[in-house]
Amino acid sequence: TKYKFQITRLDFCKLAVLLLEKKGAITIVEDSPIENQYNDTDDSSVVLASQLGIVNGKGNGIFDPDGYITRQEAAAMLYRTAKVLKYKITLNGGGKAFADEPQISDWAKEAVAYVSTVKDKQNDKEVMGGVGNDLFSPSGNYTRQQAYITMKRLYNAG
């Protein structure tokens, strides 16, 4: 529901962990103790995604589970999820060229290049494309609908 609403950091973690579980990359054991480094959430998906290197906190024990993510943050988390899945990561030519590339943060450039070139093997669509007019919109909103679609495409990319 609420497909056009922005996705929260918590909900994105849940999707990433579910993807990893469905692909057989991890096995969830409900009673396994997981060390939590955050003061503002004890959600097991957040803790596991953090330990796997998919997400980062905001410092000082804060994760901000109800905060929203930008498109470049989503690209980075999708890229890190692909690494956990041990997908082949090849960035020949640096990825698709976007007109707003100078606005993409340095820490996200490799991730944006990856998600904009790797394709869903079922429909030949990039895991995460632009928003039109050759723009990526790195600081733009990332909706629940976009998260579902890109997770599905990442699932089918491997």
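Okay, let's start with Thr-41, which sits in the loop between α1 and α2. Before we go on, this is a predicted model, so please keep that in mind throughout. Is Thr-41 buried or exposed? Its relative accessibility is 11%, and since the cut-off for buried is under 20%, Thr-41 counts as buried. If you ignore the neighbours within four places in sequence, Thr-41 is in contact with Asn-36, Val-46, Phe-63 and Pro-65. One of those, Val-46, is itself a buried residue of α2. The Thr-41 side chain also reaches the backbone nitrogen of Asp-43, at 3.1 Å.

And Asp-43 brings us to the start of the helix. Which residue caps the N-terminal end of α2? That would be Asp-43, with a side-chain oxygen 2.8 Å from the backbone nitrogen of Ser-45.

Now α2 itself, residues 44-51. How many of its eight residues are buried? Six, so I'd call this helix mostly covered. The buried ones are Ser-45, Val-46, Val-47, Leu-48, Ala-49 and Ser-50. As for what does the covering, that includes α1, residues 9-22.

Let me pick out Ser-50, towards the other end of the list I just read. It belongs to helix α2, and its relative accessible area is 12%, which is why it counts as buried. Again leaving out anything within four places in sequence, Ser-50 is in contact with Gln-37, Tyr-38 and Val-55. Then, just after α2, Gly-53 takes a positive phi, about 85 degrees.

Staying with backbone angles for a moment, there are two positive phi values in residues other than glycine that I'd like you to look at. Asp-64 has phi near 65 degrees and lies in the loop between α2 and α3. Its relative accessible area of 26% makes Asp-64 partly exposed. Then there's Asp-134, with a positive phi of about 60 degrees. Asp-134 is in the loop between α4 and α5, and it is partly exposed too, at 48%.

That α4-α5 loop also holds Gly-132, partly exposed with a relative accessible area of 34%. From Gly-132 to Thr-81 is 51 residues in sequence and 25 Å in space, C-alpha to C-alpha.

The axes of α1 and α5, where α5 is residues 144-157, come within 11 Å and cross at roughly 20 degrees. The two helices are therefore roughly parallel to each other, and the crossing is right-handed. On the α1 side, the contact is made by Asp-11, Phe-12, Leu-15, Ala-16, Leu-19 and Lys-22; α5 brings in Arg-144, Ala-147, Tyr-148, Met-151, Leu-154 and Tyr-155. By type, that's nine nonpolar, three charged and no polar residues. If you're wondering about the spacing of those numbers, an α-helix has 3.6 residues a turn, so residues three or four places apart point the same way.

What about α3 and α4? Here the axes of α3 (residues 71-84) and α4 (residues 106-115) come within 8 Å and cross at roughly 70 degrees. That makes α3 roughly perpendicular to α4, and the crossing this time is left-handed. From α3, the contact uses Gln-72, Glu-73, Ala-75, Ala-76, Leu-78, Tyr-79 and Ala-82, and from α4 it uses Trp-107, Ala-108, Glu-110, Ala-111, Val-112, Tyr-114 and Val-115. Sorted by type, there are eleven nonpolar, one polar and two charged.

My last stop is Lys-109, which is also in α4. With 28% relative accessibility, Lys-109 counts as partly exposed. What does its side chain reach? The backbone oxygen of Ile-104, at 3.2 Å. Not counting residues up to four places away in sequence, Lys-109 touches Glu-101, Pro-102 and Ile-104.

Note on methods:
Residues are numbered from 1 along each chain as its sequence is written. This is a predicted model: local features need pLDDT of at least 70, side-chain atom pairs count only at pLDDT 80 or more; totals for chains, interfaces and linings use all residues. Side-chain values use heavy atoms; hydrogens and water are left out. Buried means under 20% relative accessible area, exposed over 50%, partly exposed in between (1.4 Å probe, protein chains only). Helices (H or I, at least four residues) and strands (E, at least two) are DSSP runs, numbered from the N terminus. Contact means heavy atoms within 4.5 Å. A polar contact is a pair of N or O atoms within 3.5 Å; within protein, one must be able to donate a hydrogen and the other to accept it, and residues adjacent in sequence count only if both atoms are side-chain atoms. Axes are lines fitted to C-alpha atoms, for helices over the stretch in contact, and angles run from 0 to 180 degrees between N-to-C directions. Angles under 35 degrees count as roughly parallel, over 145 as roughly antiparallel, 65 to 115 as roughly perpendicular and the rest as oblique. A crossing is left-handed if the near helix is turned anticlockwise from the far one by less than a right angle, and right-handed if clockwise. Ala, Val, Leu, Ile, Met, Phe, Trp, Tyr, Cys and Pro count as nonpolar, Asp, Glu, Lys and Arg as charged, and the others, Gly among them, as polar.
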